[in-house]
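Have a look at it first, and then we'll go from one pairing to the next.

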Amino acid sequence: MRPVGAQGRNSFIGRDAELKRILRAVMEDHSHVILYGERGYGKTSLANLAMGAIRKAGLPVSRHVCSVGSDFDTIMRGLFRGMPLRSLDLALPGTADGVQNGEALLPPRPVRPADVVAVATRFGGVRPVLVIDEFDRIADDATRVSLADTIKQLSDESVGPFS
C-alpha cells in the first residue's frame, strides 16, 4: 500500500472494500474494529470517512486523539466529552441543567474500565461509536491494559450499544 496524500474520497480509490468492511462490522455486526499499519498510509483518513458515514446513519460518534502522555482517564473523558447527550436521547436526572456531554456521566475520580461499562448500560438501544486515534502513541502500559480490559468487559457484558 502506498501513502495517501490529500484527504477525501478520491484518495481512497481501491479502498472502498475496506470502508464497506468497516461500516458492516460497526453498524451491522456491532464489532470492534482496529486499523493498524505504518504511519502515513491513510488509517486516520479512512477512519474519518467511516465516521462520516456512521454519523449519516444516525449513530453518535466520538473521537479522541492520543498522545504520549495519554492515560486511560484522559482518553475516556475525551471520548465522553465529545459525545453530546442529546444524540443519545437519554432521560437522565440533571441533564436539563446545562449538562451538554457524556463526560458528566463519568465519576469525578479517575475512570476505570468498570465505570465505562456502567455508563454504557445507561445508553439503552443507542450504540455510540468510540474512535481512539493514534493508539500507538500511548507510552503507558497500564493504559493499554485498561483499554483492552474495557473492550473485553463491554463484550462480556453484551452491553447493548457496545456489544
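Start with a group of four: Asp-73, Arg-77, Arg-81 and Glu-103 are joined in a network of salt bridges. A salt bridge here is a side-chain nitrogen of Lys or Arg within 4 Å of a carboxyl oxygen of Asp or Glu. Side chains of opposite charge can pair when their charged atoms come close. The structure has nine salt bridges.

Before going on, a word on where this comes from: it's a predicted model, where local features need pLDDT of at least 70 and side-chain atom pairs count only at pLDDT 80 or more, while totals for chains, interfaces and linings use all residues. Residues are numbered from 1 along each chain as its sequence is written, and side-chain values use heavy atoms, with hydrogens and water left out.

Now find Arg-39. Its side chain meets that of Glu-134 in a salt bridge, 2.9 Å from N to O. The two sit 95 residues apart, Arg-39 in the loop between α1 (16-28) and α2 (43-56), Glu-134 in the loop between β2 (129-133) and α6 (141-157). (Helices are DSSP runs of H or I, at least four residues, and strands are runs of E, at least two, numbered from the N terminus.) Arg-39 also forms a salt bridge with Asp-136, at 3.4 Å from N to O. Asp-136 lies in the loop between β2 and α6, so this pair ties together parts that are 97 residues apart in sequence.

Finally, Arg-109 pairs with Asp-115 in a salt bridge, with 2.7 Å between the closest N and O atoms. Here Arg-109 is partly exposed at 33%, whereas Asp-115 is buried at 11%.

Key: Buried means under 20% relative accessible area, exposed over 50%, partly exposed in between (1.4 Å probe, protein chains only).
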